[in-house]
Amino acid sequence: MSEKYDIVIVGAGPAGMAAAIQAPPRGVEHILLPRGEIGHTIYKYSKGKHVMAEPSQVPLDEHLQREFQAASREEVLERWAKNLAAGGVNMERSPGCELMNVTGKKGEFKLTLKDGRVLEAAHVILAIGTSGN
């Protein structure tokens, strides 16, 4: 038997997290599938590295401006993790949650995970960034 969601979000970088945090207040059944840790690319940075500033070409609302304040790697990752938890985001944390295959069409997607589970979703957001190629 497969798990069913309105939205499956693949990737827990800034785009995936931004999408996921919008779901709970709207009552949308969702799941966020990170590739390892949240902010995977930043997580791989050296400890204490200064990261993230407001994107120069994307105007951000007041709330997002606080999220994209320049800070150390650890501070950025901690801020993001707290916001996901406080926002009620349903995030898969098991090592087998890597996406292996997507089939179907809008309204009836099937996503196969590395551990063999199959998720069903009406919509899929691929937020894998450039590191996901």
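Colleague: How many salt bridges does the structure hold?

Modeller: The predicted model contains 8 salt bridges.

Colleague: Which residue does Arg117 meet in a salt bridge?

Modeller: Its side chain meets that of Glu92, with N and O 3.3 Å apart. This pair links distant parts of the chain, 25 residues apart. Arg117 sits in the loop between strand E6 (109-113) and strand E7 (118-126), while Glu92 sits in the loop between helix H4 (73-86) and strand E5 (99-103).

Colleague: Is Glu92 buried or exposed?

Modeller: Glu92 has a relative accessible area of 15%, so it is buried, because buried means under 20%. Arg117, at 23%, is partly exposed.

Colleague: Which residues join Arg117 in a network?

Modeller: Salt bridges with shared partners connect Arg117 with Glu3, Glu92 and Asp115 in one network.

Colleague: Turning to Lys114, what is its salt-bridge partner?

Modeller: Lys114 pairs with Glu98, and their closest N and O atoms are 3.7 Å apart. Lys114 is in the loop between E6 and E7, and Glu98 is in the loop between H4 and E5, 16 residues apart. Lys114 is exposed, with a relative accessible area of 53%, whereas Glu98 is partly exposed at 41%.

Colleague: And what about Lys110 and Glu120: where do they lie?

Modeller: Lys110 belongs to strand E6 and Glu120 to strand E7, so their pair ties together parts that are 10 residues apart in sequence. The N to O distance in this salt bridge is 3.5 Å. Lys110 is partly exposed, with 39% relative accessibility, and Glu120 is partly exposed, with 22%.

How values were computed: Residues numbered from 1 in each chain as written. Predicted model: local features only at pLDDT ≥ 70, side-chain atom pairs only at ≥ 80, totals over all residues. Heavy atoms only, no water. Salt bridge = Lys/Arg side-chain N within 4 Å of Asp/Glu carboxyl O. Helix = DSSP H or I, 4+ residues; strand = E, 2+ residues; numbered from the N terminus. Buried < 20%, exposed > 50% of the residue type's maximum accessible area, 1.4 Å probe, protein only.
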